[in-house]
Amino acid sequence: MFTSNLQKKIFYSYLVIMAVFILFITGISIYLLRREEEIYLRNMENVTVGISNQLETNLVNMNRICLQVCLNKAVYEAFEEIDKDGTEHSFEADSYLKKKLQEELLGIVGPDLSVGKVCVYSRGGAYLSYGKYYEKMGADYRDVLLERYRLMEEALREVLSGKRVFMDAELFGDGKREMVTLVRFVKNVVNGRVVAVAETQLRVEELLKSIVPGMDGTARLYIYTDDGTLMYASDEGDGDSYFDNAGEGGSRRTQVRTRKNGGKELVSLAIGEKYGFQVVYVEEYSRMFQVIGSFVKIFIVLLLCICGASIAVLYRIADRLTAPLTELYSSLKKVRLNHMTVHLPEDSDIDIIHRLNLGFEEMFTELGILMENEIRANLKAMQAQMNPHFIYNMLSVISAASIEEKPDKVSFLCGELARLLRYSTSDGNCFVTLKDEIAHTECYCRLMKARYEEKLEYRITVRGEPDRTAMPKMILQPIAENCFKHGFAHPYGWGMPGRRWDV
């Protein structure tokens, strides 16, 4: 797959960067999900607190109407008079008084009838009501009033606020609809004597009509009274499990809760400050991701596609980057003394590789020039290394010939020696033909023949085409000189008189 360690390093480095990038994106995603969870819980809290506040407002309105009934002078005086009498009394016998008192209640409730019904009854069985709910009284209605008064009196004396809110069935109604009832004592403001009990009643569906939002399939809403009675449930589930008996955690809170049967859900709870009603808003944990679920899926698929495409592109880039280096390395392995050059494709668009190629070419060019100069210098030095004893000996031979008055021999020796010195010291090309080298060597041998005379016999045999064969200058003459040196140096060997020496 990879042809060099450089490709592996580039690829692995990119993988590390991609891993860090993916971890960074994952961290950001987790942070955004937590932020989304916080925002979702905050929105749930706002909904829950809004429902709780509106419920408190409606209950405050019921309490205000009930308090106005308790403080109404006509109502108070009528029931105080009945309480002083100490006998059972009914307003049915006094239609004028009943009509007058109902007009007082109408003035308190108002024409819009913000509460369903207002009731006032005493321990003696006197009963007065006004509202929009139909009353169906049975023959035992007095017993019902007496028992209800006793229960309400006991309930009110247990609280310090002077009021009590609870769930109850409709008084003298059909008993099929649940009611929210708020009760207060009607007292003598001077001595605090209780003369009656006043109630304001409102059906649960009317109380929550404008409060409870529409619930979808995953959202659930539960409303409890302060004693844990389930007043409203948006479904038929286990609503009792969400009531907070101790009211721990404050009047409002949100949490992620694990259900008994598994799974998670978001729970927001708000407790009314005045009446203690608990509003619980429950949402499936998965609901939070439905809004961003499609986006998250698209993002994950897109991220995977980007990573895959990036890896493929990186492999292509790494291969393209390292291919010229690989070719340059292969070219460098082929460099020899007779082949000092490197080669890369001319269409390489990597500037540093192109400059590296040019640098190698310049280096090898300069190295070739230096090597050639060194070879030339060595050849010239070798060519200049003619044995001085040879020259001294030749001069001695010329001197002896002149003493012997042999002018032809002197002239011949001077000419040959001059030709020999001229060839060896001439500044020209360091390479000559084999024919020139043979001629130079023959000149050397003729001088040596003049010196040794009959002691030396030689023969030069040439094959091929010496005029077409190039070779370095001054190669054969040192070889012949070594032959003379070693051949005539041994007293019993080649140097003995009469021996033949073939070159």
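Modeller: First, the ground rules. This is a predicted model, where local features need pLDDT of at least 70, side-chain atom pairs count only at pLDDT 80 or more, and totals for chains, interfaces and linings use all residues. Residues are numbered from 1 along each chain as its sequence is written, and side-chain values use heavy atoms, with hydrogens and water left out.

Biologist: What makes a stretch a helix or a strand here?

Modeller: Both are DSSP runs, numbered from the N terminus: helices are H or I with at least four residues, and strands are E with at least two.

Biologist: How do you know that strand 1 and strand 2 pair?

Modeller: Two strands pair if DSSP finds at least two bridges between them. Strand 1 (residues 117-121) and strand 2 (residues 127-131) have five bridges and run antiparallel. The pair therefore meets the definition. Valine 118 stands opposite tyrosine 130 in strand 2. The two strands form a hairpin with five residues between them. In the turn, glycine 125 has a positive phi of about 100 degrees.

Biologist: Which bridges does strand 1 make with strand 5?

Modeller: Five bridges join strand 1 to strand 5 (residues 194-203), again antiparallel. Cysteine 119 faces glutamate 199 in strand 5. Valine 118 has threonine 200 as its bridge partner there.

Biologist: What joins strand 4 to strand 5?

Modeller: Nine bridges, with strand 4 (residues 178-187) running antiparallel to strand 5. Arginine 184 stands opposite alanine 198. This is also a hairpin, with six residues between the strands, and glycine 192 in the turn has a positive phi of about 75 degrees.

Biologist: What is the strand order of this sheet?

Modeller: The order is 2-1-5-4-3, an open sheet of five strands with antiparallel pairing.

Biologist: Why are strand 2 and strand 3 called edges?

Modeller: Strand 2 and strand 3 (163-169) each have a single partner strand, so one side of each is left without a neighbour in the sheet. On average, neighbouring strands of this sheet are turned by 20 degrees against each other, direction ignored.

Biologist: Which helix lies across strand 1, strand 2, strand 4 and strand 5?

Modeller: Helix 2 (residues 73-85) does, running at about 130 degrees to strand 5. Angles run from 0 to 180 degrees between N-to-C directions, and axes are lines fitted to C-alpha atoms, for helices over the stretch in contact. Helix 3 (residues 95-109) also packs on the sheet, touching strand 1 and strand 2. Its direction makes about 45 degrees with that of strand 2.

Biologist: What makes strand 1 mostly covered?

Modeller: Five of its five residues are buried. Buried means under 20% relative accessible area, exposed over 50%, and partly exposed in between (1.4 Å probe, protein chains only). Lys117, Cys119 and Tyr121 are buried on one side, and Val118 and Val120 on the other.

Biologist: Why is glutamate 273 called exposed?

Modeller: Its relative accessibility is 75%, so glutamate 273 counts as exposed. This residue lies in the loop between strand 9 and strand 10 (278-284).

Biologist: Why is glutamate 453 called partly exposed?

Modeller: Glutamate 453 has 39% relative accessibility, so it falls in the partly exposed class. Its loop runs between helix 10 and strand 12 (470-472). Phi of glutamate 453 is near 55 degrees, a positive value in a residue other than glycine. Most residues other than glycine have a negative phi.

Biologist: What is the strand order of the other open sheet?

Modeller: The order is 7-6-10-9-8, with five strands and antiparallel pairing. Its edge strands are strand 7 (230-233) and strand 8 (252-258), each pairing on one side only. Strand 8 and strand 9 (residues 264-271) pair over seven bridges. Valine 256 stands opposite leucine 266 in strand 9.

Biologist: How do helix 9 and helix 10 pack?

Modeller: Helix 9 (residues 407-425) and helix 10 (residues 434-452) pack at an angle of about 145 degrees, with their axes 10 Å apart. Contact means heavy atoms within 4.5 Å. Among the contact residues are Phe412 and Leu420 of helix 9 and Tyr444 and Leu447 of helix 10.

Biologist: Which residues of helix 9 are buried?

Modeller: Val410, Leu413, Glu416, Leu417, Leu420, Tyr423 and Ser424 are buried.
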